[in-house]
Amino acid sequence: MATSVTSAESKGSLSSDLFYDILRRLDGATLASAACACEAFCSISKEEKLWENVCSSMWPSTNRDDVKSLISSIGGFKKFYADCFPLIVNKEVPECRWNEYLEYPEELTEAEYYGDMDEIEIVAPSDFVSIVDVRYKDKTICSKVLWGIPNANGFPHWFYSCPFRIDLFTYSTRDDEHAGEVTLSVSDGLPPITSMEKERKDGKLWQELRDGIRLSWIVVNTKIKQAANLSSWSPLGGQRHWPTDKDFLLRFGSVLPAKDILPCQAVECIVLMKFRVIYTEEGGVPTTLKLTELSMQVGDMEGAHLNGRNSLLVLKEALSCKRSKNYDEALESCQLYSKVQSELREEKMRNESRLDRLYILGGIMACITVCFYLW
């Protein structure tokens, strides 16, 4: 009897070990699905180590000891994955008219509209941490962690009033081992190009770059212990050969709610990534691109960049908004915002055109009137 009990216990232990070994090889979405399959998988899938492996595989920045401590303090790796894997979706984009929110409300002064500066203490720049990972064809080419927001602590009133911008390549990193030049070459999977003239015609390098690049920009608020991915994974758009012939600009982002913050009620988080061609095959060196810019800004419907105060309030609000694992749904949200923004821009141009015609007619009538009296 004792032998049979020992045998049964060893089989149970062996089964748990085998199950754990199977589950640790899965990605996050598959692991979450497996947890619903049976009681054994559900129990084992609660292990934080499994989710730590999933997060480190998806976001290499989470391998750092300081980031591990941060994630543990806000609820653990399982919660971190659940918060940051889905993309932000905001389809509540109002159909604003051009003259509805460009001016401050008549009953409020500008100072009242922007609020008391003491209120910003509730959302301090030091509360935010940016965890950024860039991949090209499943290979990590850049991982950076930014604690706080640069240039925000020394001159707070200047930061709250000026346009908000985070540029990962213009600040001093915590440790030098995480700094360095970020490049892509033929060895990383880039197609070779013999000259920029040929690339301008066929656009092969540009197409490969757009299809292969992936960006994750996770923002964590340490005070409220929430996190979200503000990027769109894949580029939403871009522009090649801008501003120079050798530059490629990629645009990522998401649509964020701003109901109680701004009259336009919805804003866009704009993440820009710029590569520059530093070598082509005609120089005898493999085709090489250098990552020269990786920045974040927040813009309103009119295209104006929000100031530091409003941007912090929007970022805090975004950490608790709706998300989806469906990339198409997140893309549809961004397209809806772009559509409303384009309609607003067209309406503005029409109104300005009408005003121009009225001014011209008014000038003509004034000239005719003056000439009539002089005659």
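1. Two residues are in contact when they have heavy atoms within 4.5 Å of each other. By that rule, among contacts in the chain between residues at least 6 apart in sequence, 68% join residues at least 24 apart. The model is a predicted one, and the points below should be read with that in mind.

2. Overall make-up. The chain has 375 residues, and buried residues make up 45% of them. Its secondary structure consists of 12 helices and 12 strands. The accessible surface comes to about 20100 Å², and carbon and sulfur atoms account for 52% of that area.

3. The largest core. In soluble globular proteins, nonpolar side chains tend to be buried together. Here the largest nonpolar core has 64 residues, and Ile213, Met273 and Phe275 are those with the most contacts inside it. Strand S10, residues 265-279, gives the most to this core, with seven residues. Apart from this core lies another, of 29 residues, with Ala34, Phe77, Val145 and Ile218 among them.

4. Around Phe275. Leaving aside residues up to four places away in sequence, Phe275 touches residues that include Ile141, Leu184, Leu209 and Ile213. Its contacts also take in Lys246, Asp247, Phe248 and Leu250, as well as Leu289, Lys290, Leu291 and Thr292.

5. Helix H6. This helix covers residues 77-84, and its buried residues are Phe77, Phe80, Tyr81, Asp83 and Cys84. Seen down the axis of H6, these residues fall within an arc of 165°, so they line one face of the helix. An α-helix has 3.6 residues a turn, so residues three or four places apart point the same way. Phe77 is also one of the residues in the core of 29.

6. Ser61. Is this residue buried or exposed? At 2% relative accessibility, Ser61 counts as buried, because the cut-off is under 20%. Ser61 lies in the loop between helix H4 (48-58) and helix H5 (65-73). Beyond residues up to four places away in sequence, Ser61 touches Val67, then Ile131, Val132 and Asp133, and also Ser143, Lys144 and Val145. Of these, Val145 is among the residues of the 29-residue core.

7. The loop between S8 and S9. Most residues other than glycine have a negative phi, and most peptide bonds are trans. Pro243 is placed between strand S8 (237-240) and strand S9 (247-258). His241 is in the loop between S8 and S9 too, and its phi is near 60°, a positive value. At 18% relative accessibility, His241 counts as buried.

8. Asp138. This is another residue other than glycine with a positive phi, near 70°. Asp138 is in the loop between strand S2 (128-136) and strand S3 (139-147). Asp138 is exposed, with a relative accessible area of 71%, whereas His241 counts as buried.

9. A nonpolar surface patch. Which residues form a nonpolar patch on the surface? They are Ile360, Leu361, Ile364, Met365 and Ile368, and together they have about 500 Å² of accessible area. Leu361 is found in helix H12, residues 327-374. With a relative accessible area of 52%, Leu361 is exposed, because the cut-off for that class is over 50%.

Definitions and conventions. Residues numbered from 1 in each chain as written. Predicted model: local features only at pLDDT ≥ 70, side-chain atom pairs only at ≥ 80, totals over all residues. Heavy atoms only, no water. Patch = residues over 30% accessible without salt bridge, like charges linked within 9 Å, V, L, I, M, F, W, Y side chains within 5 Å. Areas by Shrake-Rupley, 256 points an atom, 1.4 Å probe, with all protein chains shown as cover. Salt bridge = Lys/Arg side-chain N within 4 Å of Asp/Glu carboxyl O. Helix = DSSP H or I, 4+ residues; strand = E, 2+ residues; numbered from the N terminus. Buried < 20%, exposed > 50% of the residue type's maximum accessible area, 1.4 Å probe, protein only. Arc of directions from axis to C-beta. Core = buried A, V, L, I, M, F, W, Y, C linked by side-chain atoms within 4.5 Å.
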